[in-house]
Amino acid sequence: MARSSEISGFYKLTTAERRKFVQEWGGLTDVEADAYDFPPGIDPGILNRMIENVVGTFALPLGIATHFRVNGTDFLVPMAIEEPSVVAAASNSAKVTRATGGFRASTTQPVMIGQIQILDVPDPAGGRHRLLDAKDRLLKLANERDPMLVKFGGGAREIEVRIVPSPRGTMLVVHLLVDARDAGGMNAVNTMCEALAPEVANLAGGRVVLRIISNLAVYRLARATATFPAEKLATDNATGAEVVEAILDAYTLAAVDPFRCATHNKGIMNGISAVVLATGNDFRAIESGAHTYAAFLAKDDGGIVKPLSTYEKDAKGDLVGTIELPIAVGLIGGATAVHPAAKANVKVLGVKHASELAEVIASVGLAQNFGALRALATEGIQRGHMGLHARNIAATAGARPDEVDRLVERLIAEHAIRIDRAKEILVEMRRTGPS
Ligand code: MEV
């Protein structure tokens, strides 16, 4: 009989019971199931309260990017990511910027948008004005829902009302603008939108459906700039000036071609998501916001998407990189405040405000992007990947720790970083003994 995933009361089992169930379901050996173990230093109770149906943890490598200087302060940047070369690329790029003072970064006020969708308003233009006229009362109502946020200098600030044509009739969409201070803002904004909904429906004379934050946080932007000196970019085969030109060529394809732009922005998110994740923030929210913002930037010139960064050559011939995107990260609330490793990472960063964290994250995004473009415009991306990739292949082929280095050397020398070849070489190495 086919197995059923319809398991009533799965959530009521203990973690160990759930783990046992899943182990049997998946036919996992004890050793395979041990991969789910809670690491020492992490209280399982904390993780159990974070999400539902917990069976253990999924451990990612945590790397530290070095050499970062942002607004005159040095940072060690924790990055949680599964991809090789990302941490090294960020560190190398940050090193290049030190000669010109590192990254300069800034943020707008931490203002989030909450949306309230209203349908069936007989007079949308009139409804819009009734809502705008009631602004002070609506803001007061919203702020009553979060006195703590107001006490810390945040709170609901403004109301915008959009008239949005749709296949289901013209809708009114209220945007409640909320200064979230050092929080990500999701809970505060959603609570306020839900609280306002009845009054908003009443004023508009329609019915409310959605009441939810928008991840397109166009009022909560982070910006970073850095100058990459041409003299630091020279390679064995190209002068620094030639590398600057090649990077400008590479960047320009992203500016004119959505197929390249997607990959260009993905490289930026390699850096951004790794820090967002390491600090316990919502990387899906940041990614969705970033990619939608990239599309939003293109709306005025009829394009589909724009790069989140720009590159130019300054009067001295050095490369100037800039980045701007919504970065709605928080330091209070959410996983950042409870996950022990996230808390440790925030302490290592030493950031005191969410805005400072966003500035570091924007800088890492720019560093990552520059690192990728520099590699792509010179030797190509693969060489940098090869060392770690070969180590993975060597381990998968069954190499013992004392065999890994020799096997990796052989794989790289042969330009054959493949599991079948790794196994063959391993057999040969074991036959001939240590060289
Ligand atoms: C790979 O994860 C990221 C890159 O493809 C980014 C880029 O092409 O700019 C290297």
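This is a predicted model: local features need pLDDT of at least 70, side-chain atom pairs count only at pLDDT 80 or more; totals for chains, interfaces and linings use all residues.
Let me start with α10 and α11. Helix α10 covers residues 258-278. Helix α11 covers residues 283-296. Their axes lie 9 Å apart, and the packing angle is about 155°. Over 145 degrees counts as roughly antiparallel, so α10 and α11 are roughly antiparallel to each other. The crossing of α10 past α11 is right-handed.

Who makes that contact? On α10, the residues are Asn265, Met269, Ile272, Ser273, Val276 and Leu277. On α11, they are Phe283, Ile286, Glu287, Ala290, His291 and Ala294. By class, the contact of α10 with α11 has eight nonpolar residues, three polar and one charged.

Next, helix α14, residues 354-377. I will take two partners in turn.

Partner one is α4, residues 86-97. The axes of α4 and α14 are 8 Å apart, at an angle of about 95°. The range for roughly perpendicular is 65 to 115 degrees, so α4 is roughly perpendicular to α14. From α4, the contact takes Val86, Ala89, Ala90, Ser93 and Val96. From α14, it takes Ala367, Gln368, Phe370, Gly371 and Arg374. The α4 contact with α14 counts six nonpolar, three polar and one charged residues.

Partner two is α9, residues 240-256. Here the axes of α9 and α14 come within 9 Å and cross at roughly 110°. That angle also makes α9 roughly perpendicular to α14. The α9 side is Ala246, Ile247, Ala250 and Tyr251. The α14 side is Phe370, Leu373, Arg374 and Ala377. By class, this contact of α9 with α14 has seven nonpolar residues, no polar and one charged.

Look at Phe370 and Arg374 of α14. Both are in the contact with α4. Both are in the contact with α9.

Now the ligand. Which residues come nearest to the ligand? There are 10 residues around the ligand, and Glu83, Arg260, Lys266, Asn270 and Leu376 come nearest. For Arg260, a polar side-chain atom sits 2.7 Å from a ligand oxygen atom. For Lys266, a polar side-chain atom is 2.7 Å from an oxygen atom of the ligand. For Asn270, the distance from a polar side-chain atom to a ligand oxygen atom is 2.9 Å.

To close, back to the helices. The α10 and α11 pair is roughly antiparallel. Helix α4 is roughly perpendicular to α14, and α9 is roughly perpendicular to α14.

Key: Residues are numbered from 1 along each chain as its sequence is written. Side-chain values use heavy atoms; hydrogens and water are left out. Axes are lines fitted to C-alpha atoms, for helices over the stretch in contact, and angles run from 0 to 180 degrees between N-to-C directions. Helices (H or I, at least four residues) and strands (E, at least two) are DSSP runs, numbered from the N terminus. Angles under 35 degrees count as roughly parallel, over 145 as roughly antiparallel, 65 to 115 as roughly perpendicular and the rest as oblique. A crossing is left-handed if the near helix is turned anticlockwise from the far one by less than a right angle, and right-handed if clockwise. Contact means heavy atoms within 4.5 Å. Ala, Val, Leu, Ile, Met, Phe, Trp, Tyr, Cys and Pro count as nonpolar, Asp, Glu, Lys and Arg as charged, and the others, Gly among them, as polar. A residue is near a molecule or strand if one of its heavy atoms lies within 4 Å of it. A polar contact is a pair of N or O atoms within 3.5 Å; within protein, one must be able to donate a hydrogen and the other to accept it, and residues adjacent in sequence count only if both atoms are side-chain atoms.
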